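Please look over the sequence and the structure shown here before reading the report that follows.

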Amino acid sequence: MKNITGRIVNRFFGRFQHRIGIANTRRLAKAYNRIRYRREIREVVDGYENRYDELFKGNDAEYAGTPRNRLKDGWAIDRSGAFPGLESSLAEADRLIEERGGQNRCGTALAQQDYLYHLSGIDELDQFPRLLDFATSSEVVATVAEYMGMIPTIAMNLPTGIRVFESTEQFSERTTYNASQLWHRDIHDFPMVYAIVLVRDATEQTGPWTFLPASVSERATRDLKYQGWRQPYRVTDERMYEHIDSSERIPFTGKRGDVLFLDSSRCFHYGSRHAVDPGYRIMYAYTTRARSDFQMMLHRQEFPKQEGDSALRRMVLGQ
């Protein structure tokens with residue numbers, strides 16, 4: 001019965017949210033989820049406010065006690081390569097690229113678009129468990145937790161919480177930009193933070209993730225009346241650059257192991273344009289326990305458990 005109700009609710013808002021207004025439906029969902037999941041919310045807020053040292057040191061005894069990175073204006077980039085679990089997670093991504101990269105996956109379940117492929121399904125994490133090492137490290141979780149004011153959760157439904165992506169134009173005809181190649185702000189939650197790890201060096205020719213800082217995005221949102229009544233979710237360059245200067249965009253280019261933390265609910269962004277050379281990245285999506293959609297009414301993703309998992313790791317994995 002719960003699943004049927006969830007399908008009806010999600011189908012209704014998926015069909016009519018443009019008429020109601022995306023911002024209105026998000027606020028409604030957030031209010032509902034704050035009530036529905038109030039016990040879980042209390043737990044993750046209390047964990048951050050009152051059990052910080054216990055949880056973060058218990059997860060990593062060498063954690064410094066404060067995060068090295070802080071999101072300012074909705075984003076932060078770390079180019080140090082010095083994250084616990086980073087190398088083992090990159091090694092798992094390398095294995096996926098070696099086994100599955102460079103193959104035409106158009107029309108398959110792993111093709112998000114003809115120019116953007118997942119190299120693994122979320123149900124395959126048992127085969128690639130060390131992708132979780134970086135995402136559940138105290139240093140990374142602390143950066144997101146400080147920004148959210150609570151222990152975050154790796155997204156348990158949409159967007160897929162852990163993805164190894166390949167951006168490529170090799171198997172698609174270059175046409176006008178569409179879907180995720182157009183400017184948008186994510187609607188699944190607010191705040192919502194991506195930690196994006198470059199698996200290979202990224203240039204303007206590898207379809208880099210490109211974004212606007214939160215302050216610029218807020219200006220554009222106001223001028224575009226974005227997420228308002230009957231306003232489209234995707235925004236073309238032509239419309240966007242009527243309100244901001246194109247020089248304000250920031251492409252996330254750099255070296256293997258560079259990390260971008262971004263509030264994708266506040267910052268306009270797009271990706272996978274001009275992927276003349278294949279681009280590879282791992283994307284980790286962190287949400288709160290009170291999302292701004294109704295996806296929790298449908299299902300929760302279960303992540304691989306390991307013997308001896310810390311209390312912090314269990315919380316981040318929604319256990």
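## Helix packing, sheet and cores

The axes of helix 4 (residues 52–59) and helix 7 (residues 138–148) come within 9 Å and cross at roughly 150°, where axes are lines fitted to C-alpha atoms, for helices over the stretch in contact, and angles run from 0 to 180 degrees between N-to-C directions. Helices (H or I, at least four residues) and strands (E, at least two) are DSSP runs, numbered from the N terminus. This is a predicted model, in which local features need pLDDT of at least 70 and side-chain atom pairs count only at pLDDT 80 or more, while totals for chains, interfaces and linings use all residues. Residues are numbered from 1 along each chain as its sequence is written, and side-chain values use heavy atoms, with hydrogens and water left out.

Contact means heavy atoms within 4.5 Å, and the table lists the residues that meet.

| Helix | Residues in the contact |
|---|---|
| Helix 4 | Tyr52, Phe56 and Asn59 |
| Helix 7 | Ser138, Val141, Ala142 and Ala145 |

Phe56 is also one of the residues that touch the most other members of the largest nonpolar core, which has 49 residues; such a core is a set of buried (under 20% relative accessible area, 1.4 Å probe, protein chains only) Ala, Val, Leu, Ile, Met, Phe, Trp, Tyr and Cys residues joined through side-chain atoms within 4.5 Å. Helix 7 gives the largest share of this core, six residues. Apart from it lies another core, of 19 residues, including Trp209 and Phe211.

An open sheet of three strands has the order 8-7-10, with antiparallel pairing, and two strands pair if DSSP finds at least two bridges between them. Strand 8 (250–251) and strand 10 (269–270) stand at the edges, each with a single partner strand, so one side of each is left without a neighbour in the sheet.

Methods:
Buried means under 20% relative accessible area, exposed over 50%, partly exposed in between (1.4 Å probe, protein chains only).
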